[in-house]
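Here are my notes on this model, point by point. Please read them with the structure open.

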Amino acid sequence: MSDLDLRLVRAFAVVAEHRHFGRAAAELHVTQSSLSRQVVRLEQQVGARLLDRTPQGTRLTEAGEAFLPLATDLLRAAAHATAHARAVARPSRITVGYTGNLIVTPAVRDLRRHPDAEVRTQHLAWDDARAALLEHRVDVAVVRLPLRAAGLHVTVLYDEPRVLLLPSDHRLAGKESVTLDDIADEPLPRALDPEWDAFWRVDPRPDGRPAPGGPLIDAIEDKIELVASGQAVAIIPAPPGNVTGFRPDLTTVPLADVEPAQVAVATRAGERNRLVAAFRKGAEALLTRPE
């Protein structure tokens, strides 16, 4: 029996997550043909076909369904083993993750005052914080909610009002505020994560009606382009002060009848690293909504 190549197992797991070779290849930063070859090599090592391509996309075979949870456990165990060894070898090293345009500088500066502390920062995609923590790519993350909290310790830091992002020439531009009724028929970009999608589209609406659909997006940049081109409007966190934070052809209007978004600090549940605890304490004291 040949040893499994963890790189190939990782490739399979990403394809299984997306059920699509194109999206999986984009996440792994490889070509689709290279990814297909990696999956074939893994199937040769395993001795069974794991994935089938169909006109509707990619699906797991019966063997793939059986292999996936064990493969996920294998990848997680390998990440844990590597991270634990590095932590023992370098107990004063910590990586702080952050998403979007969130500012972590005050807490990072405070942590760097600890003797021998080696503090790194790493920007994360909006939907990558949970995986980055559980895979030990980062030790702590400052994120916007919602975030699935299983296996994590999550503490809310502050609230952010939500606003409507729209083209500067939109019929609602320039209003003091708008309500969900004002955008009852306006399409909003959809996200792959169902919890995130429901929160940022307010779906369902308070009266039980579904929110209007819209184009499916993977990246914040795609959302901004859709709004600028007039294909959708979007609900986003309010930028600080009077700064839109976007292109000059876009503007924001306060949303009067939605609960605020929340920014939180998240770590792995049961984390005992003293620097992680110190960062959490510093984040709770120093990270507040920019004015």
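Which residue just after α8 takes a positive phi? The points below start there; note that the model is predicted.

1. The residue is Gly-230. Its phi is about 85 degrees, and it sits just after α8.

2. Helix α8 spans residues 220-228. Its buried residues are Lys-223, Ile-224, Leu-226, Val-227 and Ala-228. They pack against four strands: β7 (162-167), β9 (216-217), β10 (234-237) and β11 (250-254). A lysine is on that buried list, at position 223.

3. The structure holds one cavity of 30 Å³ or more. The volume of the largest cavity is about 80 Å³. By class, the lining has eight nonpolar, no polar and four charged residues.

4. Now strand β12, residues 261-268. Seven of its eight residues are buried, so the strand is largely enclosed by the rest of the structure.

5. β12 has antiparallel pairings with β5 and with β6. With β5 (residues 140-144) there are five bridges. Here Arg-144 has Val-263 of β12 as its bridge partner. With β6 (residues 152-160) there are eight bridges. There, His-153 is partnered by Thr-267 of β12.

Note on methods:
Residues are numbered from 1 along each chain as its sequence is written. This is a predicted model: local features need pLDDT of at least 70, side-chain atom pairs count only at pLDDT 80 or more; totals for chains, interfaces and linings use all residues. Side-chain values use heavy atoms; hydrogens and water are left out. Buried means under 20% relative accessible area, exposed over 50%, partly exposed in between (1.4 Å probe, protein chains only). Helices (H or I, at least four residues) and strands (E, at least two) are DSSP runs, numbered from the N terminus. Contact means heavy atoms within 4.5 Å. Two strands pair if DSSP finds at least two bridges between them. On a 1 Å grid over the protein atoms alone, a cavity is a set of points where a 1.4 Å probe fits but cannot get out, and a pocket is an open set with protein on both sides within 12 Å along at least five of seven lines; lining residues have an atom within 4 Å of a point. Grid points are joined across faces, edges and corners, and a volume is the space filled by probe spheres set on the points. Ala, Val, Leu, Ile, Met, Phe, Trp, Tyr, Cys and Pro count as nonpolar, Asp, Glu, Lys and Arg as charged, and the others, Gly among them, as polar.
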